[in-house]
Amino acid sequence: MALLSILHYPDPRLHKVAQPIDAVDDAVRQLAADMAETMYAAPGVGLAATQVDRHIRLIVVDVSEDKDRLMTLINPVIVDKDGETVHEEGCLSVPGIYDKVTRAERIRVRARHLDGREFEMEADGLLAVCIQHEIDHLNGKVFVEYLSRLKQQRIRAKLLKQAKEAM
Ligand code: NI
């Protein structure tokens, strides 16, 4: 297992669209394990492969309090959604920034397990928000893009300054 480095906004690689995974092989399973370790260490509640500069459709999430409900979703697709919920979101790729985003309240997701089997699940609350946020990453979208242009400009400037100071 290994900790992976996480891309920070406004890195253009965060806007790449991830490719579907054809075969769930050992390389995919290893990446999923490393992503889970990276997410827990951060700590965070979700991580998409895009954020570690691997552009394939793989996400890990764990919104449980005890951090014992790891879910790994391969090629996740939202097949149904309803309702509306507003949540204050953060992102490991946008450190220190939190803001409200409106998303579907309930979703139905189709995906594959690490053993390649297809399954469907329903999610609501924080889990639904988190899965939608991570699928956005696979589509090259970062949550700050839901905010006003002015806020996006401020966040971009702040993170660029932080990155400069860290060098
Ligand atoms: Ni994120």
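This is a predicted model: local features need pLDDT of at least 70, side-chain atom pairs count only at pLDDT 80 or more; totals for chains, interfaces and linings use all residues.
Once its neighbours within four places in sequence are left aside, Lys-100 is in contact with Val-86, His-87, Glu-88 and Leu-147. A further relation across the chain involves Phe-143, which lies 43 residues from Lys-100 in sequence, while the C-alpha atoms of Lys-100 and Phe-143 are 9.3 Å apart in space.

## The open sheet

An open sheet is formed by 5 strands, whose order is β1-β2-β3-β6-β7 and whose pairing is antiparallel. Its edge strands are β1, made up of residues 46-48, and β7, made up of residues 118-124, each of which pairs on one side only. From one strand to the next, the twist averages 40°.

## The β2-β3 pairing

Within this sheet, strand β2 (residues 58-61) and strand β3 (residues 71-82) run antiparallel and are joined by 4 bridges. For Val-61, the bridge partner in β3 is Met-71.

## Helix α1 against the sheet

Helix α1, which spans residues 26-41, lies across β1, β2 and β3 and runs at about 35° to β2. Of the strands that α1 lies across, β1 is one of the edge strands of the sheet, whereas β2 and β3 are joined to one another by the 4 bridges already described.

Conventions: Residues are numbered from 1 along each chain as its sequence is written. Side-chain values use heavy atoms; hydrogens and water are left out. Two strands pair if DSSP finds at least two bridges between them. Helices (H or I, at least four residues) and strands (E, at least two) are DSSP runs, numbered from the N terminus. Axes are lines fitted to C-alpha atoms, for helices over the stretch in contact, and angles run from 0 to 180 degrees between N-to-C directions. Contact means heavy atoms within 4.5 Å.
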